[in-house]
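This briefing goes through one protein model by topic. Please look over the sequence and the structure first, then read the points below.

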Amino acid sequence: MRFFDRSPVCTHALSTYAGHPVPPALTAEIERITRERVYDRHVFFVRNLGFCEPTDARRISFEESLEFERLHEETYRAFGYHLIDVPAGPPDERIALVEETAYRLADGAGCPARSQPSSRVLF
């Protein structure tokens, strides 16, 4: 099993959030990854922890991070991905949820009942 921290879909969401036009190269890459099924259609969407620590690289308020989370989620759904909610909680609980779900998906058993499609990736 391989996990990816980000995908071109994340870049699309960020571009939209920042108000930049989506470059043709990004559109082409999203079309390619869709056509070639580069990524599994199930995406672990890791929810915020209830705070956002600003840094030199992360210049966003908590409220802005919530708006980006919403847009990020909508973007993945718009491209046909099925989100598996990884709620805020202790790291060991989040890891256990990801491992358990990844093995179930690999075995063809589907997602556990605790995934909440209406409720963040990122693998």
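Accessible areas come from the Shrake-Rupley method with a 1.4 Å probe. For the protein chain in this predicted model, the accessible surface comes to about 7800 Å². Carbon and sulfur atoms account for 56% of that surface.

**Overall build**
- The protein chain has four helices and two strands.
- Along the sequence, these elements follow the pattern α-α-β-α-β-α.
- The protein chain has 123 residues, and 33% of them count as buried.

**Cysteines**
- A disulfide is a covalent bond between the sulfur atoms of two cysteines.
- The count of disulfides here is zero, going by a cut-off of 2.5 Å between the sulfur atoms.
- C10 has a relative accessible area of 6%, so C10 is buried.
- C52 is also buried, because its relative accessible area of 16% falls under the 20% limit.

**The second largest pocket**
- Rolling a probe the size of a water molecule over the atoms shows where empty space is left.
- The second largest pocket has a volume of about 340 Å³.
- This pocket is lined by 13 residues, and the closest to its centre are M1, R2, F3, D40 and H42.
- Two elements, β1 (42-46) and α4 (91-106), each give two or more residues to the lining of this pocket.
- The largest share of the lining comes from α4, with three residues.
- Which classes of residue make up the lining of the second largest pocket? The lining has 10 nonpolar residues, one polar residue and two charged residues.

How values were computed. Residues are numbered from 1 along each chain as its sequence is written. This is a predicted model: local features need pLDDT of at least 70, side-chain atom pairs count only at pLDDT 80 or more; totals for chains, interfaces and linings use all residues. Side-chain values use heavy atoms; hydrogens and water are left out. Buried means under 20% relative accessible area, exposed over 50%, partly exposed in between (1.4 Å probe, protein chains only). On a 1 Å grid over the protein atoms alone, a cavity is a set of points where a 1.4 Å probe fits but cannot get out, and a pocket is an open set with protein on both sides within 12 Å along at least five of seven lines; lining residues have an atom within 4 Å of a point. Grid points are joined across faces, edges and corners, and a volume is the space filled by probe spheres set on the points. Ala, Val, Leu, Ile, Met, Phe, Trp, Tyr, Cys and Pro count as nonpolar, Asp, Glu, Lys and Arg as charged, and the others, Gly among them, as polar.
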